[in-house]
Amino acid sequence: MGSGLVDRPVDGSTRDRITRTAADPQQCVAELQSARINYVPSADRVNSETCFLQNAGVIGPDMGTIARLTPAEPTATCELALALSVWRRQVVEPAAREVLGADVIQIDHMGTYACRPVNNRAGARPSAHSRAAAFDFAGVRLRDGRRITVLADWNDGGAEGEFLKRIRDEGCRVFGTVLSPEYNAEHRDHLHLEPGQAFCR
């Protein structure tokens, strides 16, 4: 039985609640299912010493919202799925309505699980993506037809830029690590969202 974490407004203890819930894999899955999020756990597997899946699964449609992930059904750790669900319902969608005046119908991303080092640089430490523990957010599509992207709109001085910076800033209260175009050039076209250690820029 879930505690209602996904539908609770973000506050100073949200990140800790997500981490504590995810520490119990069964409770994490129950939290998602009680919030009507289709999450199907996968069998643990090891692809290499630095690339593996543990306590992961496939994120299906969130039946508590109209926004859909594209590409659909990404693989993610349960902790990432839980953090992403909180961020989607409590940060991204309200911010779009308040700042942009429209509902989000689609969240575009660049992937979650990939066996690669950080920034695809040979010799770098394994990326959180190598264990399906990070989500690269590219932008949103709105009900009125607008598309807002990190690449095109991050430096916009109007509502689009305000929206993107707001969901980055509030995302820092949900995820441990949030990296934006202000971090380095590799993130010029996306927000890297990762539970765990606290670093936000």
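**Aromatic close-ups**

Tyr183 is partly exposed, with 33% relative accessible area (partly exposed lies between buried, under 20%, and exposed, over 50%; 1.4 Å probe, protein chains only). This is a predicted model, so local features need pLDDT of at least 70 and side-chain atom pairs 80 or more, while totals for chains, interfaces and linings use all residues. Numbering runs from 1 along each chain as its sequence is written, and side-chain values use heavy atoms, leaving out hydrogens and water.

**View 1. Trp87 meets Phe175.** Searching the whole structure turns up three aromatic pairs (ring centres within 6.5 Å, six-membered ring for Trp; planes under 30 degrees apart are stacked, over 60 edge-to-face, the rest tilted). With centres 5.9 Å apart and planes at 75°, Trp87 and Phe175 make an edge-to-face pair. They're 88 residues apart: Trp87 belongs to helix 3 (residues 78–100), Phe175 to the loop between helix 5 (159–171) and strand 10 (177–179) (DSSP runs numbered from the N terminus: helices H or I, at least four residues; strands E, at least two). Both Trp87 and Phe175 are buried.

**View 2. Tyr183 meets Phe199.** Here the centres of Tyr183 and Phe199 are 5.6 Å apart and the planes at 75°, so this one is edge-to-face too. Tyr183 comes from the loop between strand 10 and strand 11 (191–194), and Phe199 from strand 12 (residues 199–200), 16 residues apart. Phe199 is partly exposed, at 39% relative accessible area.

**View 3. Lys165 over Trp154.** The charged end of Lys165 sits over the Trp154 ring, 4.5 Å from the ring centre (NZ of Lys or CZ of Arg within 6 Å of the centre and within 35 degrees of the ring normal).
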